[in-house]
Amino acid sequence: MITMENIVREGHPALREVATEVTLPPSDEEINLLSDMLTYLKNSQDDEMCSTYDLRPGVGLAAPQLGITKRMVAIHFEDLNGKLYSYGLFNPKIVSHSVEKAYLSAGEGCLSVDRNVEGYVPRYARITVTATDLEGNKLKLRLRDYAAIVFQHEIDHLNGVMFYDHINKENPYTIPDNAKAIN
Ligand SMILES: O=CN(O)CCNC(=O)c1cccc(Cl)c1Cl
Ligand code: NI
């Protein structure tokens, strides 16, 4: 099982590389890895597992955070309307996005960042993502608000981008232009 020991931290080169596309169909090793990434997220959202294995909670995880520069991400969370987003994705790609931006008023955090970095992270309010899931289905996901933000945080990891790269250096709490707050 994946634990925090497997997660690389700031300074590890994998976090600043552009990850490589996975050749489809994925190998058994790649399928098992992506499945283990999804399991990490589920474990990290279970109080027992969290305390037993000293896990930090997460709603997404990208392979570069394990030092593996492949375009694979796992997402697992329930939004405020109770909609479950649970995906293991190969080669996710943002194919279109809104002009409007959005940001989490609570800011963002990252398992690969062992410190609190304050400030608003401006992102697209709505995105369309194509990807192949763990079962080999080609997906086209239209995402908005919190889901859109989480997917962008993960896809950023595949491009060597950290959430704080987006924060305004002069004033971290600058309200980004044309952006709406998401609580
Ligand atoms: O790359 C994934 N992680 O680092 C997992 C830990 N961070 C989170 O779960 C998290 C927390 C707040 C906002 C966003 Cl957007 C995310 Cl993604
Ligand atoms: Ni992260």
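Predicted model: local features only at pLDDT ≥ 70, side-chain atom pairs only at ≥ 80, totals over all residues.
The nickel ion (ligand 2) is coordinated by three atoms of the protein: SG of Cys-110, NE2 of His-153 and NE2 of His-157, at 2.2 to 2.4 Å. Along the sequence, the spacing of these donor residues is C-x42-H-x3-H. The two histidines, His-153 and His-157, are both part of helix 3, which covers residues 145–158. They are 4 residues apart, about one turn of the helix. His-153 has a relative accessibility of 9%, and because buried means under 20%, this residue counts as buried. His-157 also counts as buried, at 1% relative accessibility.

On one side, strand 4 (residues 101–104) pairs with strand 5 (residues 123–124) in the antiparallel sense, over 2 bridges. In this pairing, Lys-101 is found opposite Tyr-124 of strand 5. Strand 4 is also joined to strand 8 (residues 179–182), and here the strands run parallel and are connected by 4 bridges. Opposite Tyr-103 stands Ala-181 of strand 8, and opposite Leu-104 stands Ile-182 of that strand.

Helix 1 covers residues 28–44 and includes Asp-28. Asp-28 has a relative accessible area of 61%, and because exposed means over 50%, this residue is classed as exposed. Between the C-alpha atoms of Asp-28 and Ala-102 the separation is 37 Å, and the two residues are 74 apart along the chain.

In total, the structure holds 10 salt bridges. One of them is formed by Arg-9 and Asp-114, whose closest N and O atoms are 3.0 Å apart. Arg-9 belongs to the segment before helix 1 and Asp-114 to the loop between strand 4 and strand 5, so this contact ties together parts that are 105 residues apart in sequence. Arg-9 is partly exposed, at 27% relative accessibility, whereas Asp-114 is exposed, at 51%.

A salt bridge is also formed by the side chains of Glu-108 and Arg-123, with an N to O distance of 2.8 Å. Glu-108 lies in the loop between strand 4 and strand 5, and Arg-123 lies in strand 5 itself, so the parts tied together are 15 residues apart in sequence. Both partners are on the buried side of the cut-off: Glu-108 has a relative accessibility of 12%, and Arg-123 has a relative accessible area of 3%.

In the salt bridge between Asp-145 and Lys-180, the closest N and O atoms are 2.8 Å apart. Asp-145 is in helix 3 and Lys-180 is in strand 8, so the pair ties together parts separated by 35 residues in sequence. Asp-145 counts as partly exposed at 24% relative accessibility, and Lys-180 is partly exposed with a relative accessible area of 25%. Shared partners also join salt bridges into a network that consists of Arg-9, Arg-56 and Asp-114.

The whole structure contains 6 aromatic pairs. Among them is the pair of Phe-77 and Tyr-146, which is edge-to-face, with 5.1 Å from centre to centre and 90 degrees between the planes. Phe-77 is located in strand 2 (residues 72–78) and Tyr-146 in helix 3, so the pair ties together parts that are 69 residues apart in sequence. Phe-77 is buried, with a relative accessible area of 3%, while Tyr-146 is partly exposed, with 29%.

For Tyr-120 and Tyr-173, the ring centres are 5.1 Å apart and the planes are at 85 degrees, so this pair is edge-to-face. Tyr-120 is in the loop between strand 4 and strand 5 and Tyr-173 in the loop between helix 3 and strand 8, so that the pair links distant parts of the chain, 53 residues apart. Tyr-120 is buried at a relative accessible area of 16%, and Tyr-173 is partly exposed at 38%.

Ring pairs also link Phe-77, Tyr-85 and Tyr-146 into a cluster.

Notes:
Residues numbered from 1 in each chain as written. Chains lettered and ligands numbered in written order. Heavy atoms only, no water. Donors = N, O, S within 2.8 Å, 3.2 Å for Na, K, Ca; no water. Buried < 20%, exposed > 50% of the residue type's maximum accessible area, 1.4 Å probe, protein only. Pairing = 2+ DSSP bridges. Salt bridge = Lys/Arg side-chain N within 4 Å of Asp/Glu carboxyl O. Phe/Tyr/Trp six-rings, centres within 6.5 Å; stacked < 30°, edge-to-face > 60°.
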